[in-house]
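Welcome! Please take a moment to look over the sequence and the model below, and then we can walk through some of the details together.

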Amino acid sequence: MKYEPDLPLMVQGERTILLEADHPLFPEVRDQIALFSDLEKSPHHLHTYRISPLSLWNAAAGGMKADQILSILEQYSKFDIPQKMKEEIRDQIGRYGLFRLCRSKTSERELLIQASSKEGEEILNKIMNYPSIRKYLTRPEGSPWHVDANHRGQIKQEFVKLGYPLKDLAGYTDGDPLPIELRQTTREGGRPFQMREYQREAVQSFYRGGSDQGGSGVIVLPCGAGKTIVGIAAMAEMKRATLILTTNHTSVQQWIKEILDKTSLTPDQIAAYAGTKKEIRPVTVATYHMLTYRKTSQDDFSHMSLFNERNWGLIIYDEIHLLPAPVFRATANIQARRRLGLTATLVREDRREAEVFSLVGPKIYDAPWKKLENEGWIARATCVEVRTSMDQQWREQYGKSGPRQKYQIASTNPHKIEVVERLLTRHRHDQVLIIGQYLDQLREISRRFHIPLITGEVNQKERDDLYRRFKEGAFRVLAVSRVANFAVDLPDASVAIQISGTFGSRQEEAQRLGRILRPKQKDNRAYFYTVVSRDSKDQEYALRRQMFLIEQGYEYYIMDEEKLMEESI
């Protein structure tokens with residue numbers, strides 16, 4: 001029986017892996033096991049990872065074999081790998097590609113479900129007896145199983161639910177042609193424009209030479225690493241009419257600006273489907289909010305028809321981790337369109353990652369944050385958690401409250417404003433974002449420090465003006481609510497002070513750090529502070545929020561308020 005105490009890994013049954021965080025090999029092992037597992041718990045000394053069917057299918061979609069995964073585990077594990085774990089890994093990796101969804105040679109309206117082996121054929125015949133599957137199928141005498149092309153998305157969803165992902169090789173509708181080339185110099189300013197190597201790799205992992213092997217999937221890149229550029233380059237490869245869905249009006253305008261700046265397209269070829277002016281052109285950019293708008297909960301979604309208003313050759317889902325449920329349903333019906341998802345994290349707080357996998361596609365490219373940081377493509381970030389105390393009266397109120405109210409009380413602890421003041425002094429020469437959840441707290445900070453504040457109550461024109469002036473250096477500090485979590489381009493912001501957040505949202509933590517990760521002109525450094533109330537729900541949720549970034553290799557340094565206040569600045 002193997003026992004090597006100097007190694008950092010312990011592989012357990014029930015798909016869990018324990019990794020010693022203090023071990024010298026920790027960074028190396030963390031990066032390797034992250035290819036096929038997800039961080040579940042991150043106490044200071046021992047991190048717990050879980051291997052799930054979905055994490056293994058994504059690994060398989062990226063080309064990993066079961067032997068590679070087992071080799072990594074065996075190389076770093078103190079003990080033998082449990083036989084049950086070995087069998088589970090081989091089984092789940094083998095399931096991806098076991099069944100294929102292919103185009104029928106006799107009818108465009110029908111697809112075929114085929115097994116890749118004799119064993120797979122036996123399993124497939126059993127699966128076809130499930131009512132949830134059988135209702136979509138027919139099987140003419142002596143023929144493979146047939147499924148109506150209109151049910152392509154639904155059948156993929158049902159197979160995933162049963163634990164057998166279909167590899168979709170049924171091909172795509174070309175869509176309307178759209179001549180588009182990337183520029184060698186930007187339209188605005190005439191600066192040289194060249195894609196980075198990892199951006200080219202990401203695009204090729206999606207395009208796959210235009211074959212049926214490509215055309216759908218999710219690309220994961222850190223905020224600030226140029227996901228928009230990847231989307232635009234995919235458009236230039238496809239040269240087809242494109243629908244882009246994103247998070248908010250600011251993001252719509254940023255997409256349009258980048259497309260005009262870096263491609264041969266002209267303004268008359270691009271439209272924003274938003275507000276009172278809803279235009280549809282060869283490239284159309286809309287928000288998720290617009291698509292999911294309806295007058296009442298009983299009405300139909302007024303604008304979901306946008307998916308069919310033009311013969312789209314490509315649909316881009318920006319920030320796909322925020323894809324709303326109604327858009328999932330619409331996506332199930334457009335599987336013949338090429339689909340590209342862009343995100344900084346596949347983590348979804350609603351746990352619908354499997355639906356992203358089945359309806360948009362598997363994870364096809366994932367660039368580690370720390371790798372891009374080391375290469376200078378994003379800023380080198382230092383993450384600090386500043387813990388502050390609560391006064392006795394505040395603590396008593398906290399103790400008498402329910403769980404949700406406890407979190408708000410701890411989050412709005414007045415001591416946090418003193419910490420903010422100290423951090424603003426520490427970074428008095430930097431551009432700083434103060435980010436929070438609770439509006440009264442943000443308004444108090446805005447009043448006390450005489451700084452502009454952007455919330456959902458600020459109209460879009462004023463928001464855009466404040467963002468512009470902040471980028472131009474008209475003022476150094478800007479306070480923002482959740483509206484700035486996504487797709488806000490503030491390249492010179494180098495400090496973020498997070499005073500409250502959406503409970504334990506890991507995706508929000510990643511997005512907020514992303515606001516300051518764009519490369520900087522000077523020392524390429526960024527500082528991300530999270531101010532939490534000690535020994536409270538606030539601190540508990542902060543630990544949960546940090547998990548995704550810890551998995552990416554970031555460390556959170558703990559600093560007590562008292563030590564911060566004692567610093568000579």
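## A buried residue in a strand

Ile497 has a relative accessibility of 0%, so it counts as buried (buried means under 20% relative accessible area, exposed over 50% and partly exposed in between, with a 1.4 Å probe and protein chains only). Ile497 belongs to strand 22, residues 495–498. Here, helices (H or I, at least four residues) and strands (E, at least two) are DSSP runs numbered from the N terminus.

Which residues does Ile497 touch, leaving aside its neighbours within four places in sequence? Ile497 is in contact with Val420, Leu423, Leu424, Val432, Leu433, Ile434, Ile435, Tyr529 and Val531, where contact means heavy atoms within 4.5 Å. Ile497 and Arg525 are separated by 28 residues in sequence and by 15 Å in space, C-alpha to C-alpha.

## How to read the model

This is a predicted model, in which local features need pLDDT of at least 70 and side-chain atom pairs count only at pLDDT 80 or more, while totals for chains, interfaces and linings use all residues. Residues are numbered from 1 along each chain as its sequence is written, and side-chain values use heavy atoms, with hydrogens and water left out.

## A buried arginine

Now turn to Arg506, which is found in helix 20, residues 506–514. Its relative accessibility is 19%, so Arg506 counts as buried. Apart from neighbours within four places in sequence, Arg506 is in contact with Val347, Arg348, Glu349, Arg544, Arg545, Met547 and Phe548.

## Rings that pair up

How many aromatic pairs does the structure hold? There are nine. Rings of Phe, Tyr and Trp (its six-membered ring) pair if their centres lie within 6.5 Å; planes under 30 degrees apart count as stacked, over 60 as edge-to-face and the rest as tilted. Phe99 and Tyr164 form a tilted pair, 5.6 Å centre to centre with 50 degrees between the planes. Phe99 lies in strand 5 (99–103) and Tyr164 in the loop between helix 7 (152–161) and strand 9 (166–169), so this pair ties together parts that are 65 residues apart in sequence. Phe99 and Tyr164 are both buried.

The pair of Phe470 and Phe475 is tilted too, because the ring centres are 6.0 Å apart and the planes are at 35 degrees. Both of these residues, Phe470 and Phe475, are buried. Trp57, Tyr96 and Phe357 form one aromatic cluster.

## Charges over rings

A charge sits over a ring if NZ of Lys or CZ of Arg is within 6 Å of the ring centre and within 35 degrees of the ring normal. Arg152 lies over the face of Tyr172, at 5.6 Å from the ring centre. Arg395 lies over the face of Tyr398, at 5.5 Å from the ring centre.

## Helices that cross

The axes of helix 1 (residues 26–33) and helix 3 (residues 66–76) come within 11 Å and cross at roughly 160 degrees. Axes are lines fitted to C-alpha atoms, for helices over the stretch in contact, and angles run from 0 to 180 degrees between N-to-C directions. Helix 1 is therefore roughly antiparallel to helix 3 (under 35 degrees counts as roughly parallel, over 145 as roughly antiparallel, 65 to 115 as roughly perpendicular and the rest as oblique). The contact is made by Glu28, Val29, Gln32 and Ile33 of helix 1 and Ile72, Leu73 and Tyr76 of helix 3.
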